[in-house]
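Dear colleague,

Please find the structure below, handed over for your records. My findings follow directly after it.

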Amino acid sequence: MFIRNENFKQYIHRYPVVSTLLTVNLAIYILTLIPKLGDEVFYFGISVNGAIMQGEWWRIITAMFLHGGFMHVLFNMFSLFLFGPELEKMAGKVRFLAIYFLSGIGGGLATLLTQDPMYATVGASGALFGIFGAFGAILYRYRHTMPELRQIMLPLIVISVILTFLQSNVNAASHIGGLATGFVLGLFFFKRKPTVVWRNRA
């Protein structure tokens with residue numbers, strides 16, 4: 001189900017939205033490694049609550065494409081690479097993009113509402129937790145079916161939430177805000193037909 005066995009060309013063809021997001025995130029991370037220019041890009045896009053409250057609203061979005069280090073971007077992009085394709089296949093390109101971006105924005109707004117003005121954050125975690133939230137909505141709506149999906153995603157969601165509060169330097173507000181946004185969007189987006197088709201195919 002979440003085991004990727006496509007070759008590079010097949011992956012790009014089948015999951016164009018996920019492939020584009022992976023490419024953009026990695027390209028921007030590489031850009032931030034360039035001396036001077038990288039610092040300008042990073043500090044222009046980083047989410048700082050005080051700056052957002054003063055009108056620099058774009059930071060909520062641009063921060064979704066910035067990462068604080070190699071392991072940060074590696075973990076987030078691996079999660080997107082692994083779990084994004086199935087949701088893109090189920091939701092379609094437009095709905096997947098809506099879940100991804102609106103969850104990222106939801107995580108950013110949650111951070112803005114719960115943290116002090118000096119709080120700064122980067123990362124795609126809110127958007128990625130939105131993907132988990134959308135899967136959670138599917139599990140809730142079709143909780144008496146799709147046992148294979150439930151066995152994989154439910155423990156993953158629970159463990160991810162627990163680790164959010166156990167690890168240091170983690171923006172818990174973004175994680176929970178993204179998860180909640182993805183869950184609500186999932187309840188709205190996923191009707192019986194696409195979900196049942198996926199379940200029968202699986």
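K36 sits in the loop that links α2 (16–32) to α3 (37–45); helices here are DSSP runs of H or I with at least four residues, numbered from the N terminus. Although K36 is not a glycine, its phi is positive, near 65°. The residue K36 is exposed, at a relative accessible area of 68% (exposed means over 50%, with a 1.4 Å probe and protein chains only).

The model is predicted: local features need pLDDT of at least 70, side-chain atom pairs count only at pLDDT 80 or more, and totals for chains, interfaces and linings use all residues. Residues are numbered from 1 along each chain as its sequence is written, and side-chain values use heavy atoms, leaving out hydrogens and water.

N169, in the loop between α9 (147–166) and α10, likewise has a positive phi, about 55°, without being a glycine. N169 is exposed, with a relative accessible area of 83%.

As to helix packing, the axes of α7 (residues 93–114) and α10 (residues 172–189) come within 7 Å and cross at roughly 140°. Axes are lines fitted to C-alpha atoms over the stretch in contact, and angles run from 0 to 180 degrees between N-to-C directions. The two helices, α7 and α10, are therefore oblique to each other (angles under 35 degrees count as roughly parallel, over 145 as roughly antiparallel, 65 to 115 as roughly perpendicular, and the rest as oblique). Contact, meaning heavy atoms within 4.5 Å, involves residues including G106 and G107 of α7 and G177 and G178 of α10.

Yours sincerely

Note on methods: Buried means under 20% relative accessible area, exposed over 50%, partly exposed in between (1.4 Å probe, protein chains only).
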